[in-house]
Amino acid sequence: MSDKCKKDGDKNKGKESKETKCQAKKDETSISGGAKCQSKKAESAPKCPPCPPCPRKEPSSDHANFWKKVTFMGVLPLVAILTVLVFTSHHEDERPEFKFWPHMYKRSKPFYFGDGNRSFYHNPHWNALPPEGYEDETDLDAQGKPAETPKEREERLKDFGGVQKEWKKLASKREAEAKKAEAAATKEAKRLQAEAEKEEKKQRAEEDKERKRQEDEEKKQRAAEEKERKRLEAEEEKRLKEAVKAQKVGYVFYEPED
């Protein structure tokens, strides 16, 4: 409660005490020989103003961002890794051989749907039909057709073995042809590579020969220039010697007139 409310309460208490004193002196509503009139209600003290609401904490997105990072950086990569692991490591097992045991494949009454022998979730590869067995091992194209006998099964497996043998023979033949073609292609590639190397070697030899010829020509040209320079120097030196000799003797050489 605030100080203002306390002050107001003290003032109201003072007013009530004064009113009680006044009423004690003279009560206008009192009746002689009877009780006081209760028509007038005592004035209640003024109520304090309501307290201001408490400050609320602003909503933060840190919690949502945390779980968002956990989802995108932890959960989704884990799901992807587990998916790859399942699809790469899971291999379908071979189905067991069908044996008509008396305590299994019981049919006390036919099903009310379909042919009455196949269940609602029947899988022709994994679920056998009593008493014949798996559908791909028996001939059940028509209703009521008997299952194949051991002799027929043996003949069918024999024919299948012959087909499989022929298929393996053709597969081995195709593989041998593929290997032969690959060997021929490898041989041709090696031949072309050898020819290319030979041609490149021949070209390099011709380039070296041409380079040596040019170097020899340059050497010959330099030698001829050097020889000509020496000849000119010798002539110049000879002319200077003759001029010096003629000067000592006193002869004067005149150039002939045309």
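Residues are numbered from 1 along each chain as its sequence is written, and side-chain values use heavy atoms, with hydrogens and water left out.

Let me begin with the overall layout. The protein chain has three helices and zero strands, and from the N terminus on its elements run α-α-α; both kinds of element are DSSP runs numbered from the N terminus, helices being H or I over at least four residues and strands being E over at least two. Of the 258 residues in the protein chain, 5% count as buried, where buried means under 20% relative accessible area, exposed means over 50%, and partly exposed lies in between, using a 1.4 Å probe and protein chains only.

Where is confidence lowest, and where is it highest? It is lowest in helix α1, residues 3-25, at a mean of 48, and highest in helix α2, residues 62-89, at 90. Over residues 1-7 pLDDT stays under 50, and the model has four contacts there beyond four places in sequence, a contact meaning heavy atoms within 4.5 Å. Residues 15-30 also stay under 50, again with four contacts beyond four places in sequence. Where pLDDT is low, the predicted coordinates should not be read in detail.

Now to helix α2. It has 28 residues and reaches 39 Å from its first C-alpha to its last, close to the 40 Å expected at 1.5 Å a residue, the expected span being 1.5 Å times one less than the number of residues. At Thr71, α2 bends by about 35 degrees, which is the angle between axes fitted to the seven residues ending there and the seven starting there.

Next, the aromatic rings. Rings of Phe, Tyr and Trp (its six-membered ring) pair if their centres lie within 6.5 Å, and planes under 30 degrees apart count as stacked, over 60 as edge-to-face and the rest as tilted; by this rule the count comes to six aromatic pairs. Why is the pair of Phe66 and Trp67 edge-to-face? Their ring centres are 5.2 Å apart and their planes stand at 70 degrees, so the pair falls into that class. Phe66 is partly exposed, with a relative accessible area of 47%, and Trp67 is partly exposed too, at 46%. Phe120 and Tyr121 form an edge-to-face pair, with 5.1 Å from centre to centre and 90 degrees between the planes, and both of these residues are exposed. Ring pairs link Phe111, Tyr112, Phe113, Phe120 and Tyr121 into a cluster.

Finally, a few arginines. The charged end of Arg95 sits over the ring of Tyr134, 4.0 Å from its centre, which requires NZ of Lys or CZ of Arg within 6 Å of the ring centre and within 35 degrees of the ring normal. Arg118 is found in the loop between α2 and α3 (150-249), and its C-alpha is separated by 7.2 Å from that of Leu129, eleven residues apart along the chain. Arg153 is found in helix α3, and at 34% relative accessibility it counts as partly exposed.

How values were computed:
Predicted model: local features only at pLDDT ≥ 70, side-chain atom pairs only at ≥ 80, totals over all residues. pLDDT = per-residue confidence, 0-100.
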